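This report goes through a protein model and its ligand site. Sequence and coordinates come first, and the description follows.

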Amino acid sequence: MEFPTQFRTLLLFFFFFDMRQGVRGSHELFNESRSVAVELSKVDNRYKPVYHFRPPKNWMNDPNAPMYFNGIYHFLYQYNPRGAVWGNIVWAHAVSVDLVNWKIVEPAIYPTKSFDINGCWSGSATILPGKGPAVLYTGVDSRNRQVQNIVFPMNVSDPYLRRWYKPDYNPVMRPVDGINATSFRDPTTGWKASDGKWRTIVGSKVDRMGTVILYRSDDFIHWKKASRPLHSVMNTGMWECPDLFPVLCRGKRGVDHNRHTTPVNHIDRCVKHVLKVSLDDTRYDYYTVGKYHEDSDEYVPNLNSIDNANGLRYDYGSFYASKSFYDDKKQRRILWSWVNETDLISDDIAKGWAGVQTIPRSVWLAKNGRQVVQWPVEEIESLRGKKTEMKGLKLKQGSRLEVKGVKATQTDVEVVFKVSGLERAEPFDPSWFSDPEKLCAHKGAEVPGKVGPFGLLVLASGNLTEYTAVFFRVFKYRSKYVTLMCSDATRSSLRSELYKRSFGGFVDIDIKKRQQISLRSLIDRSIVESFGAKGRTCITSRVYPTLLSDEKAKVHLFAFNHGSETVKISNLKAWEMRKATIVEDV
Ligand code: DQQ
């Protein structure tokens with residue numbers, strides 16, 4: 001059968017989209033299974049997280065238009081209402097007062113018009129002063145071109161903003177002037193510069209150059225493409241889901257793009273920016289810290305910020321299409337991200353669901369200005385139940401200590417490891433700088449070292465035939481030290497056919513000065529979200545221990561050290577986590 005070129009490109013997009021999730025089938029499989037209805041009573045909950053956000057069934061991907069408006073948090077997301085694989089995408093909508101417990105209301109946007117009949121893809125919300133939210137999203141039109149549309153709530157005084165309308169003047173941005181119609185998507189939250197004009201950027205590519213096309217508008221409805229993109233980088237491929245936001249140089253407080261909602265005082269004067277893009281080629285998000293220059297409408301990364309696939313990542317594990325918003329309630333910036341499954345498509349169909357969101361994270365600029373720091377929003381602590389604590393315990397070479405007294409399948413664990421014998425740390429080869437993930441794979445938790453590997457073994461079976469290791473290893477490099485953090489899923493499940501990777505990232509801390517390093521892991525059945533050194537390096541893994549398929553099997557949590565230098569647990573606190581309430585109210 002012969003398909004028109006644009007449709008072929010679209011199929012190819014789905015094909016690669018699918019392939020990069022790990023070992024997965026082709027678009028044929030999608031076509032067959034994307035509309036296989038899932039009965040709620042048949043949903044398999046064994047691997048389903050209980051305190052991370054996800055709807056009761058079906059497929060979910062990107063976070064869309066998170067916002068805080070009139071006392072309510074809104075979280076919208078790409079959702080297939082008719083199956084457990086990608087397809088039939090609508091914007092599902094959930095509301096909350098605490099970012100922890102959610103009520104799912106009716107979908108906000110779904111294909112109805114020629115400008116979005118083939119898809120309602122990702123986008124963002126902007127709160128228009130005095131008017132309320134406006135959402136820009138990508139529609140796939142009747143000719144399979146990607147266009148940008150706008151929607152508004154039907155009734156801004158409805159606290160849940162349940163119903164949305166699409167003005168007939170859509171689309172508001174079209175793929176003209178040489179824009180590739182199949183690589184033009186995911187508009188960001190708008191911002192107003194001092195000339196009084198709104199801006200937004202849309203992800204795209206020109207050949208292999210990733211780019212964010214800049215648009216300007218007087219009224220948020222009529223948009224004009226700027227002659228120059230806001231930013232582009234050669235050889236990075238398509239940029240999906242761009243996110244540009246300001247960060248204060250000092251402190252944890254967030255700042256809004258649109259300064260009119262945030263008072264400007266002397267501390268606020270130093271503002272930098274973060275530009276994050278989601279790389280379609282590698283399926284991960286990278287960001288740079290830099291400066292958005294209003295006068296030239298350009299984003300310029302700091303000189304020391306690597307601006308390509310080797311750059312900084314919010315999370316060095318499974319984490320894609322992230323999006324942030326400014327939370328006016330607590331004056332913070334909050335980041336959400338989609339965490340895909342790493343089991344097989346056939347597993348997803350059998351489970352009846354796929355996709356999880358991270359715990360929303362507060363994000364701010366690190367004191368040294370080189371990177372951002374992330375930490376789970378404080379509200380998640382409201383789910384902490386039974387607690388266990390350990391202090392001042394020594395972990396000698398080869399030792400393992402069980403954390404008892406909490407259910408190890410849904411746990412929030414925070415530990416501070418005190419290190420010693422740094423001068424005897426393993427030597428670091430500078431060629432390792434380019435690939436921390438490879439280094440983690442090479443020097444796994446089982447490979448004895450000097451200072452490390454030490455950390456946690458989570459979702460572990462008693463005989464350790466299954467476990468996920470989250471750990472650190474310290475190396476000596478010239479007169480300094482290099483700290484590596486890994487989240488190793490290679491032994492997470494006895495099932496050999498699963499995609500089990502050992503993820504890794506370096507941790508930017510002065511371990512010699514501190515002599516200690518902290519680790520927090522949010523363990524929630526098949527997701528392990530870990531925060532090293534108070535959120536300087538984060539890694540999320542998806543794991544499917546066969547252990548969890550047996551309700552009666554005992555799941556363990558251990559602290560361990562396989563380094564020759566003794567490590568001390570100065571403090572370990574673990575809480576059993578209660579279930580978040582996620583109900584449908586459609
Ligand atoms: N997901 C959406 C696109 C976006 C991609 C489609 C990123 O808008 O580029 O579901 O995961």
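Buried here means under 20% relative accessible area, exposed over 50%, and partly exposed in between, with a 1.4 Å probe and protein chains only. The model is predicted, so local features need pLDDT of at least 70 and side-chain atom pairs count only at pLDDT 80 or more, while totals for chains, interfaces and linings use all residues. Residues are numbered from 1 along each chain as its sequence is written, and side-chain values use heavy atoms, with hydrogens and water left out.

**Overall form**

The protein has five helices and 38 strands; these are DSSP runs numbered from the N terminus, helices being H or I of at least four residues and strands E of at least two. The radius of gyration is 23 Å, close to the 25 Å that the globule rule gives for 586 residues, so the protein is as compact as a globular protein of that length. That radius is taken over C-alpha atoms, and the globule rule is 2.2 Å times the number of residues to the power 0.38. The C-alpha trace spans about 70 × 55 × 45 Å along its principal axes.

Of the 586 residues, 61% are buried. The accessible surface of the protein is about 22700 Å², and carbon and sulfur atoms account for 51% of it; accessible areas come from the Shrake-Rupley method with a 1.4 Å probe, and for residues only the protein chains shown count as cover. A contact means heavy atoms within 4.5 Å. Among contacts between residues at least 6 apart in sequence, 64% join residues at least 24 apart.

**Ligand site**

The ligand is surrounded by 13 residues, and the closest are Asp62, Gln78, Arg185, Asp186 and Glu240. A residue is near a molecule if one of its heavy atoms lies within 4 Å of it. The shell around the ligand divides into five nonpolar, three polar and five charged residues. In this division Ala, Val, Leu, Ile, Met, Phe, Trp, Tyr, Cys and Pro are nonpolar, Asp, Glu, Lys and Arg are charged, and the others, Gly among them, are polar. At least two residues of the shell come from each of strand S1 (58-69), strand S5 (120-128) and strand S19 (320-327).

| Residue | Distance to ligand oxygen |
|---|---|
| Asparagine 61 | 3.1 Å |
| Glutamine 78 | 2.7 Å |
| Glutamate 240 | 2.9 Å |

Taken alone the ligand exposes 310 Å², and the protein buries 100% of that.

**Backbone geometry**

Most residues other than glycine have a negative phi, and most peptide bonds are trans. The peptide bond from asparagine 170 to proline 171 is cis, with omega near -5 degrees, and proline 171 sits in the loop between S8 and S9. A cis peptide bond also runs from glycine 452 to proline 453, with omega near 5 degrees; proline 453 belongs to strand S29 (residues 451-460).

Positive phi values occur at asparagine 144, near 60 degrees, and at aspartate 207, near 55 degrees. Asparagine 144 is in the loop between strand S6 (132-140) and strand S7 (146-153). Aspartate 207 is in the loop between strand S11 (198-206) and strand S12 (209-217). Asparagine 144 counts as buried because its relative accessibility is 13%, whereas aspartate 207 counts as exposed because its value is 69%.

**Selected residues**

Serine 487 lies in strand S31 (residues 480-488). Why does serine 487 count as buried? Its relative accessibility is 0%. The side chain of serine 487 makes a polar contact of 2.7 Å with the side chain of serine 541. A polar contact is a pair of N or O atoms within 3.5 Å; within protein, one must be able to donate a hydrogen and the other to accept it, and residues adjacent in sequence count only if both atoms are side-chain atoms. Leaving aside neighbours within four places in sequence, the contacts of serine 487 include Thr468, Val470, Arg501, Phe503 and Ile539.

Serine 362, in strand S23 (residues 361-365), is buried, with a relative accessible area of 13%. Beyond four places in sequence, its contacts include Arg332, Arg333 and Trp375. Serine 362 and glycine 254 are 108 residues apart in sequence, with their C-alpha atoms 8.5 Å apart in space.

Aspartate 177 is in the loop between strand S8 (164-165) and strand S9 (184-185). With 63% relative accessibility, aspartate 177 counts as exposed. Between aspartate 177 and lysine 225 there are 9.1 Å from C-alpha to C-alpha, at a separation of 48 residues in sequence.
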